[in-house]
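Welcome! Here is a short tour for someone meeting this structure for the first time. Please have a look at it, then read on.

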Amino acid sequence: MRQAGRYLPEFREIRSKNPNFIDLCLNENLSSEITVQPLKRFNFDAAIIFSDILLLPYALGQPVNFKKDFGPELGEINISKLSKISENDYIKKLQPVYNSLKITKMKKELQDKDLIGFVGAPWTILVYMLHKKSPKDGNFKKHLSDKIFVNELLEIIIKFLKIHIDNQIKSGATIIQIFDSWAGLLNEEDLENYVYKPTNNLVNFIKSKKIPSICFPKDIKNYKKYVALVKPNVVSIDYNVNPIEIANTIDITVQGGLNPNLLLGNKEELKRNTLKYLDIFKDKPYIFNLGHGVLPNTDPSMVDYLVKLIKNY
Ligand code: CP3
């Protein structure tokens, strides 16, 4: 999950010397090193490449900055420039990510482990490109009034997400995860156009490459409908959904669910909640994971405790 590294002192050390986050993502040696940092400490089954979903708008020419204590901030979009951007220029800008995947793949920590590549879902990318920051205030509807413009932009996003997915797979990603962090912003009537259809388009593309896809539609109300329409190989659930209901209604592999806040508390409560997920899904295909990213103030020893608990189950 996002920011797997931020709770690790070895990540923070590299980060403190690299104040520009995008430049750090595009430093192939450092990003590869950051990718394997958690695997050096913990017996995880897979690594996720150190990158960011906002490299897509960046590579399309929209300025992206990460401001301390604010989060991402994006600049103006120029649609006529955007529609002229060539595939080659775009790939050239993202080439360090592909190089980083290749370097990571060769490391001993990855010998018998999967390497997860990822993208933001078309909807979540659209949200950042139009709102230009995290839409925490929820007033997003205003951006959708010019339907022709929005749909044109959505088509461009989908086209370039596919190119990014394709190149990650060619460079060694063995799984693709699609993060739809803002799927929960939409009403049912808008999900078809902005979430189900475009995400299913990407899932079909990933299927055609014979690679499994994991979709994370955070805060979506109807996971069953999402799975039926998007058809990923795995659905990753957030911590607000009832896992019993998911186990009873979803017939594909489920990932995640545990509230990352539990890693900030005591071991007994963490254990009780972890066993709850493991027990609920014990007769089903299940990938243990969190329901969102590891929080920055997490004590690494709690992650160690959690991984051992799962491995011993
Ligand atoms: O787990 C990992 O470290 C893998 C790499 C990864 C990052 N971002 C690195 C990162 C992944 C998978 C992401 C995905 C991502 N990025 C999402 C989808 C998942 C989710 O959390 O909902 C989103 C919405 C983003 C956009 C983004 N990037 C935000 C909102 C932020 C937070 C900014 C802040 O100041 O809180 C980031 C920054 C970011 N991406 C960090 C990392 C390690 C932290 C950067 C830092 O300050 O050191």
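Asn200 is buried because its relative accessible area is 17%, where buried means under 20%, exposed over 50% and partly exposed in between, with a 1.4 Å probe and protein chains only. Its place is in helix 9. This is a predicted model, in which local features need pLDDT of at least 70, side-chain atom pairs count only at pLDDT 80 or more, and totals for chains, interfaces and linings use all residues. Residues are numbered from 1 along each chain as its sequence is written, and side-chain values use heavy atoms, with hydrogens and water left out.

**Around helix 9**

- Not counting residues up to four places away in sequence, Asn200 touches Val195, Leu229, Val230 and Lys231; contact here means heavy atoms within 4.5 Å.
- Helix 9 covers residues 188–208, and Asn193 is found there as well.
- Asn193 has a relative accessible area of 27%, so it falls in the partly exposed class.
- Which residues does Asn193 contact, leaving aside its neighbours within four places in sequence? They are Asn151, Leu154 and Pro198.
- With Asn151, the side chain of Asn193 also makes a side-chain to side-chain polar contact of 3.3 Å. A polar contact is a pair of N or O atoms within 3.5 Å; within protein, one must be able to donate a hydrogen and the other to accept it, and residues adjacent in sequence count only if both atoms are side-chain atoms.
- Asn193 and Trp123 are 70 residues apart in sequence, while their C-alpha atoms are 9.3 Å apart in space.

**Helix 7**

- Trp123 belongs to the buried residues of helix 7, among them also Pro122, Tyr128 and His131.
- Why is helix 7 described as largely enclosed by the rest of the structure? Ten of the ten residues in this helix, which runs over residues 122–131, are buried.
- Just after helix 7 comes Lys132, with a positive phi of about 65 degrees.

- Most residues other than glycine have a negative phi, and most peptide bonds are trans.
- Lys210 is not a glycine, yet its phi is positive, at about 60 degrees.
- Where does Lys210 sit? Lys210 is in the loop between helix 9 and strand 6 (213–217).
- Lys210 counts as exposed because its relative accessibility is 75%.
- Lys231, one of the residues touched by Asn200, also has a positive phi, near 55 degrees.
- The loop that holds Lys231 runs between helix 10 (223–230) and strand 7.
- Lys231 has a relative accessible area of 45%, so it is partly exposed.

- Strand 7 covers residues 234–237, and Ser236 lies in it.
- Is Ser236 buried or exposed? Its relative accessibility is 0%, so Ser236 counts as buried.
- Leaving aside neighbours within four places in sequence, the contacts of Ser236 are Gln177, Ile214, Cys215, Phe216, Pro217, Tyr223 and Gln255.
- The side chains of Ser236 and Gln255 are joined by a polar contact of 2.8 Å.
- Gly71 is found in strand 3, which covers residues 71–74.
- With 22% relative accessibility, Gly71 counts as partly exposed.
- Gly71 touches Asn65 and Phe66, not counting residues up to four places away in sequence.
- From Gly71 to Ser134 there are 63 residues in sequence, and the C-alpha to C-alpha distance is 7.3 Å.

**The chain as a whole**

- How many helices and strands does the chain have? There are 13 helices and nine strands, taken as DSSP runs numbered from the N terminus, with helices (H or I) of at least four residues and strands (E) of at least two.
- The C-alpha trace spans about 55 × 45 × 40 Å along its principal axes.
- Of the 313 residues, 54% count as buried.
- Among contacts between residues at least 6 apart in sequence, 71% join residues at least 24 apart.
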